[in-house]
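Me: I would like to go through a model with you. Could you take my questions one at a time?
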Amino acid sequence: MEKVIEIMNLTKSYGNGRGIYDLNLDIYKGDIFGFLGPNGAGKTTAMKIMTGLIRPEQGDVRILGHSVTEEYEKAMAKVGCLIEIAESYHYLSAFDNLRQLARYYPGVDHKRIDEVLELTGMLKFKHEKSKKFSLGMKQRLGLAAAVLSRPQVVILDEPLNGLDVEGMIDIRKMIQHLAEKEQTTFFISSHLIHDVELTCNRIGVIYNGKILNVENTQTILKNYATLENYFVSEVERNGRVSSSAS
Ligand SMILES: Nc1ncnc2c1ncn2[C@@H]1O[C@H](COP(=O)(O)OP(=O)(O)OP(=O)(O)O)[C@@H](O)[C@H]1O
């Protein structure tokens, strides 16, 4: 199986002693990988390093064979991402926001813009200015932007932030559609245990800055019936639960 993302010995500690410690993960082509952990576990820290927003103290990340710390542009060439806030030009419509972005990608035409607006449930708001959008609509537009260029790898930090139930279902369908039809590999962080169970085919549990385990979703459900049972069991095996993913 082709390794698309390799996270090797990744370490970053903040002044307060928190952070991530010696993270190791391999993500394979076509994976919808769920990076599951409670608040403060270290998910955003790892993903900021993966997308070059902060530098690690130790270790590295390779995406499609290129080091993020040494060959940043090559590593990110085929990556779409949404980390923390979904930014947009407030005085432009959803369509015009994506048209601006499309200028950087020669293969992206108006048909593709409509396609990603449809996939994210935003087609009906195509001509509305983003300043009028709710948090969930901004998030959907951010997700449309992340997949616009048909990236081979998509890195999403808490993609369901601000989304209602319909939004969660739309985005889950979009992720599964792109993984199947465009062989896109997804790396998705979340503390929403139920959604990770329904969306992801492999799951890594991160807790207090350390990876506890990585397992196929099918195997987890076969052995533990629910992802929640597995999560609690993994956390208890590695130390008591002091907070829980919900
Ligand atoms: N800039 C910073 N300075 C100091 N501590 C930080 C900084 N950024 C994060 N931390 C700490 O590092 C730990 C990991 O934070 P991180 O944001 O990576 O967690 P997370 O898993 O993404 O959490 P959440 O689900 O709440 O977004 C937390 O304990 C947090 O308080």
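Me: Which residues is Ile 155 in contact with, leaving aside its neighbours within four places in sequence?
Reply: Ile 155 is in contact with Met 47, Met 50, Thr 51, Val 79, Cys 81 and Phe 187, where contact means C-beta atoms, placed from the backbone, within 7 Å. Residues are numbered from 1 along each chain as its sequence is written. The model is predicted, so local features need pLDDT of at least 70, side-chain atom pairs count only at pLDDT 80 or more, and totals for chains, interfaces and linings use all residues.

Me: Which residues have the most contacts inside the largest nonpolar core?
Reply: They are Ala 144, Ile 155 and Phe 186, in a core of 69 residues. Such a core is a set of buried Ala, Val, Leu, Ile, Met, Phe, Trp, Tyr and Cys residues joined through C-beta atoms within 7 Å; buried means 20 or more other C-beta atoms within 10 Å of a residue's own, all placed from the backbone.

Me: And which element gives the most to this core?
Reply: Helix α5 does, with seven residues; helices are DSSP runs of H or I with at least four residues, and strands are E runs of at least two, numbered from the N terminus.

Me: Why is α5 called largely enclosed?
Reply: Because eleven of its 13 residues are buried. Among them are Met 137, Lys 138 and Arg 140. The cover over the buried residues of α5 includes β6 (79–82), α3 (94–102), α4 (110–119), β7 (153–157) and α6 (165–181).

Me: Changing topic, how many residues surround the ligand?
Reply: There are 13, and the closest are Tyr 14, Asn 39, Lys 43, Thr 44 and Thr 45. Helix α1 (residues 43–50) gives the most to that shell, with three residues.

Key
Near = placed C-beta within 6 Å. Buried ≥ 20, exposed ≤ 12 C-beta atoms within 10 Å, placed from the backbone. Contact = placed C-beta atoms within 7 Å.
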